[in-house]
Amino acid sequence: MIPFQSEDKLVIDKTSYELNIQFRWFTPVAFFLAFFCIVWDGFLIFWYAMGSQSDAPIFFYVFPLLHVAVGLGLTYYTICLFMNKTYIKVGGGELDIRHAPVPWWRGNTQIAANEIEQLYVKEVKQNKKNGQYNYKLQARLHNGKHISILNIDQGDSGMMQRLEKEIEDFLQLEDEAIPGEFHKNRTAVTSSVPKARKTAPQIGHTPQLQHLRVGDFLTYEGHSYKLVHLSQYDWNNGDTDKLIQLLSDGEREQLLYLRQNKGIYQSFLETKLSLMEANDIFFLKKAPPTRLDYRGISYQLEEFMKGQLFRHKQSKGLEVDQWLYVSSEGKGHLRIQDNDGMSTMYIGVEENKDAFEDLLTGG
């Protein structure tokens with residue numbers, strides 16, 4: 001998997017069922033602030049040390065308390081600039097935003113993805129004298145409410161608009177104008193005409209693996225799972241594969257890949273390889289090898305496929321290429337998917353379809 005990187009600040013890792021974005025808070029201003037904090041805090045330490053040595057009155061200690069508060073706040077903020085990253089995850093039906101490793105007092109957000117109707121960037125004037133602006137990512141919900149989902153000082157207009165586009169594309173939200181939305185030319189939208197939304201074709205109600213829908217339930221190895229995300233691959237040869245994300249009440253997750261070969265379906269439990277694990281596999285899509293080895297298992301290239309990828313509630317397909325490598329015993333595979341220049345690798349082990357029981361529709 002090859003993530004997109006922009007100036008070593010924004011990293012986007014996208015698969016068919018999950019979008020992960022992270023960006024660093026660091027800016028060169030952090031060096032100036034660090035120097036300023038050393039001088040400011042150093043003076044306060046000197047002030048109180050001098051007072052303790054001269055038996056100064058209580059007023060001597062109370063007078064600089066406001067300066068102490070400013071120093072502590074600015075020092076904390078400077079530490080965050082050097083250390084913090086913002087992590088955005090879209091998957092499992094949720095949009096989750098966290099700042100780490102240093103706790104931050106605003107901006108952590110968790111919201112159900114199906115509540116979001118539209119995303120947009122809003123410009124806020126921070127300083128009226130010098131015309132400084134801050135930009136925050138807003139969401140308009142289906143109930144008509146507008147909420148702030150990302151509001152930090154490190155978000156410039158270009159980055160916020162990039163985040164808006166990436167999340168909207170993943171959730172398949174058709175972009176539409178929002179009153180008060182920021183545009184590059186600094187003109188605000190004054191009216192909004194909603195666009196007609198297309199609906200994705202339904203998959204069916206038959207309680208079989210290949211006909212499961214988002215919201216349905218099944219049992220595997222004694223655990224009840226809910227289908228929380230589904231991606232469908234329509235290949236040019238007429239076959240249709242599905243990648244199903246299952247989640248139990250105990251947050252146990254399974255990836256189930258249904259592979260079609262004409263009228264026959266095979267089910268595979270898959271694991272998505274991390275970037276570090278994928279780096280252990282030497283693969284070039286311009287010259288794909290006929291054999292790949294991973295952790296002592298040899299995989300032979302069986303099929304190269306081209307087609308369309310449809311995510312949940314998506315009406316328009318995305319171009320996707322896939323290389324399918326099969327293990328020598330035929331019970332496992334290494335699947336390499338390339339979508340929009342980003343590669344994702346999965347290891348799959350075949351599982352008997354009878355192992356999945358009590359297939360219940362979620363209504």
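Reader: Is Glu-302 buried, partly exposed or exposed?
Author: Glu-302 is partly exposed, because its relative accessible area is 48%. Here buried means under 20% relative accessible area, exposed over 50%, and partly exposed in between, with a 1.4 Å probe and protein chains only.

Reader: Before we go on, what am I looking at?
Author: This is a predicted model, where local features need pLDDT of at least 70 and side-chain atom pairs count only at pLDDT 80 or more, while totals for chains, interfaces and linings use all residues. Residues are numbered from 1 along each chain as its sequence is written, and side-chain values use heavy atoms, with hydrogens and water left out.

Reader: Ok, back to Glu-302. Which residue does Glu-302 form a salt bridge with?
Author: Arg-259, with the closest N and O atoms 4.0 Å apart. A salt bridge is a side-chain nitrogen of Lys or Arg within 4 Å of a carboxyl oxygen of Asp or Glu. Glu-302 sits in strand β16 (residues 297-310) and Arg-259 in strand β13 (residues 253-261), 43 residues apart. Helices (H or I, at least four residues) and strands (E, at least two) are DSSP runs, numbered from the N terminus.

Reader: And Arg-259, buried or exposed?
Author: Arg-259 counts as buried, because its relative accessibility is 11%.

Reader: How many salt bridges by this rule?
Author: The count comes to 12. One of them joins Glu-18 and Lys-89, with 3.7 Å between the closest N and O atoms. That pair links distant parts of the chain, Glu-18 being in strand β3 and Lys-89 in strand β4, 71 residues apart. Glu-18 counts as buried at 11% relative accessibility, whereas Lys-89 is partly exposed at 36%. There's also a network of salt bridges linking Lys-14, Arg-162 and Glu-166.

Reader: How do β3 and β4 pair?
Author: In the antiparallel sense, over 7 bridges; two strands pair if DSSP finds at least two bridges between them. Asn-20 has Lys-89 as its bridge partner in β4. β3 (residues 18-24) is also antiparallel to β2 (residues 10-14), joined by 5 bridges, and those two form a hairpin with 3 residues between them.

Reader: Switching to packing. Which residues touch the most other members in the largest nonpolar core?
Author: Phe-23, Ile-88, Leu-95, Ile-116, Leu-163 and Ile-167, out of 37 residues. Helix α4 (residues 157-171) gives the largest share of this core, 6 residues. A nonpolar core is a set of buried Ala, Val, Leu, Ile, Met, Phe, Trp, Tyr and Cys residues joined through side-chain atoms within 4.5 Å.

Reader: What does Ile-167 touch?
Author: Leaving out residues up to four places away in sequence, Ile-167 touches Leu-19, Ile-21, Ile-88, Val-90, Leu-95, Leu-119 and Leu-137. Contact means heavy atoms within 4.5 Å. A second, separate core has 15 residues, including Tyr-220, Leu-230, Ile-244 and Leu-269.

Reader: What about α1, what should its 25 residues span?
Author: 36 Å at 1.5 Å a residue, and the end C-alpha atoms of α1 (residues 29-53) are 36 Å apart, so the two agree. The expected span is 1.5 Å times one less than the number of residues. Its buried residues are Ala-30, Leu-33, Cys-37, Leu-44, Trp-47 and Gly-51. Their cover includes α2 (58-62) and α3 (65-83).
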